[in-house]
Protein chains: 2
Amino acid sequence: MYIGIDLGGTNIAGGLVDENGRIKYEGSCQTKSHRPPKEIILNIKDLVLEIIEGYGIDKGQVKAIGIGIPGLADKDGKVIFCVNLGWKNEPLREILEEELDIPVYMDNDATVAAIAEYEYGRMKGAESAVMLTLGTGIGGGIILNGKAYSGYNGIGSEIGHMVIGENYYDCNCGRNGCFETFASSTAIINYTRKLLAQKSTDTVINNLIKGDIDKLNAKIIFDAARAGDEIGNIAVKRLVKYIGIGIFNIVNLIDPQIIALGGGMANAGQFLLDLVIEEVLKNKYYKSLPMAKIALAKLGNEAGIIGAAMLSRHTG
Amino acid sequence: MYIGIDLGGTNIAGGLVDENGRIKYEGSCQTKSHRPPKEIILNIKDLVLEIIEGYGIDKGQVKAIGIGIPGLADKDGKVIFCVNLGWKNEPLREILEEELDIPVYMDNDATVAAIAEYEYGRMKGAESAVMLTLGTGIGGGIILNGKAYSGYNGIGSEIGHMVIGENYYDCNCGRNGCFETFASSTAIINYTRKLLAQKSTDTVINNLIKGDIDKLNAKIIFDAARAGDEIGNIAVKRLVKYIGIGIFNIVNLIDPQIIALGGGMANAGQFLLDLVIEEVLKNKYYKSLPMAKIALAKLGNEAGIIGAAMLSRHTG
């Protein structure tokens, strides 16, 4: 048995996962990210113990704990950066291993999601695979030869910060043109706001948000596009163009067997997938050669717990 | 002993290479690329036999022949594309193996250069490495876990066609914004021509090309920049900006231990390297984390023969 922890900015979700990737027991608590890191880390410890007791097994039966973090960790299990949590150089592994006496593994949450999809989801059994989590940002997880790949210094697979063009606003990272400023839900919301401010066109979006621009989200924009709304379609078309560029760059560099789309925006489902595939095929220049399959991720939110639980198998 | 062949648009160079990567005997012939592919392939056969006889060994002592091609090959050793040669689906391996009865391997010429630099040059012993050949185009070679990596469908490591921005002219591949349209010698020559046509500034470039715009090349532009020339410096600055973006994207995705710069433009040497490193470090946002070493390739033109000779060790 393994325990997987999905450490998010709002909630910490945890689960006991068996050797076949099935979640046997779940628990969660609030992150309350304004608190000192040590307090949050001790809450993770409590959550682990609650899960062990809740399912009624011995602590000794838990082979490893894995944690998906919204940031970067170094090889020693120190969390180097978690922008959303405001963490810097927090000794997450050291504290938890001392408190729990169970081996602790951690990696970026997008890498963790990729592991889950590779072990039990859409990318199962692929020789090489890339997972894109299209959410408020864009996360990337790479699987090569059956193992999660994070690069020599642990800073690879940061696909959201690949520069693919010039954009009208800068990225949080300080640079301009990052993939996630074109193709995340934040990007499509920002761009639609811009269109709404510029255009006087009638749009169903104004009805859907009931005049409150803060209610604008990616789902509303996709719903509008599906309903034939002009602004919705302009925004979706731009999004798809840039998702296509990002995917093509991944093919040009890594050429994986499969690319899976996950994260909140993948809820737009087949509608988005069809548009993305059409866009990518349009640009394919080796017409006669096969290229990566593009598909929707399968495990949804559970990927965070399942992938984290499997981290020990992908490390070292 | 191995034989390495560097198949170029103008010349075919070949060499007998020992187990330690030393070239023991060399030969070459003209490609005359307008001829039917079969004729050129039979010239490669003749070159191989000439090298074997010239050094005076038995054919049986040659373990393998490797060929670096300016294009793409599939897993069966068929050359799918060679734009410069006008080849499409040529059964290069099949013909040569039948004629010579020695196993034949092939890969893209940039991958071959990466293998040479990994085995005996600047990237020796690296866990992961990326070679950029900055020439008339940009080639990319990736080494992961000690093996050349070309992706699941053999179309990876095409780093020159990674889209990194929007450019004022389209790429040969039909798309806009490819890395090589910003950062190859063709790119800096095109851009300098544009500047010369627009600007009335005095520039030493006009003296260096003696009024003949067709004499403009990357070396002249670098020489002008070094001499403090304004147009030279504007062109070099733009080049370096985009080399920096391309390298940063490689770090964000693959995060290799080392990135080596080769190809004709790397002849600008330490002057170019210093500017590139400065540019990349300026954009580094994980200040406290180490990142890939950036260095000049070491083997020059010999990389084509040496890397090709080592292909059999990197295949399968």
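Leaving aside its neighbours within four places in sequence, I3(A) is in contact with G14(A), L16(A), V48(A), I51(A), V62(A), I65(A) and A309(A), where contact requires that the C-beta atoms of two residues, placed from the backbone, lie within 7 Å. This is a predicted model, in which local features need pLDDT of at least 70 and side-chain atom pairs count only at pLDDT 80 or more, while totals for chains, interfaces and linings use all residues. Residues are numbered from 1 along each chain as its sequence is written, and chains are lettered from A, with ligands numbered from 1, in the order in which they are written.

I3(A) has its place in strand 1 (residues 2–7) of chain A; strands (E, at least two residues) and helices (H or I, at least four) are DSSP runs numbered from the N terminus. I3(A) counts as buried because 28 C-beta neighbours lie inside 10 Å, the scale being buried at 20 or more other C-beta atoms within 10 Å, exposed at 12 or fewer, and partly exposed in between, with C-beta atoms placed from the backbone.

In chain B, 5 strands form an open sheet of mixed pairing in the order 3-2-1-4-8, two strands being paired if DSSP finds at least two bridges between them. Strand 3 (23–30) and strand 8 (104–108) of chain B each have a single partner strand and stand at the edges, so one side of each is left without a neighbour in the sheet. Neighbouring strands of this sheet are turned by 20° against each other on average, direction ignored, with axes fitted as lines to C-alpha atoms, for helices over the stretch in contact, and angles running from 0 to 180 degrees between N-to-C directions. Helix 1 (residues 37–55) of chain B packs on the sheet, touching strand 1, strand 2, strand 3 and strand 4 (64–69) of chain B, and its direction makes about 145° with that of strand 3 of chain B.

Chain A can be laid on chain B with an RMSD of 0.0 Å by a turn of 180° and a shift of 0.0 Å along the axis, which is the relation of a two-fold axis; the superposition is by least squares on the C-alpha atoms of residues with pLDDT of at least 70 in both copies. The copies meet through the same surface, because 100% of the interface residues of chain A are also interface residues in chain B.
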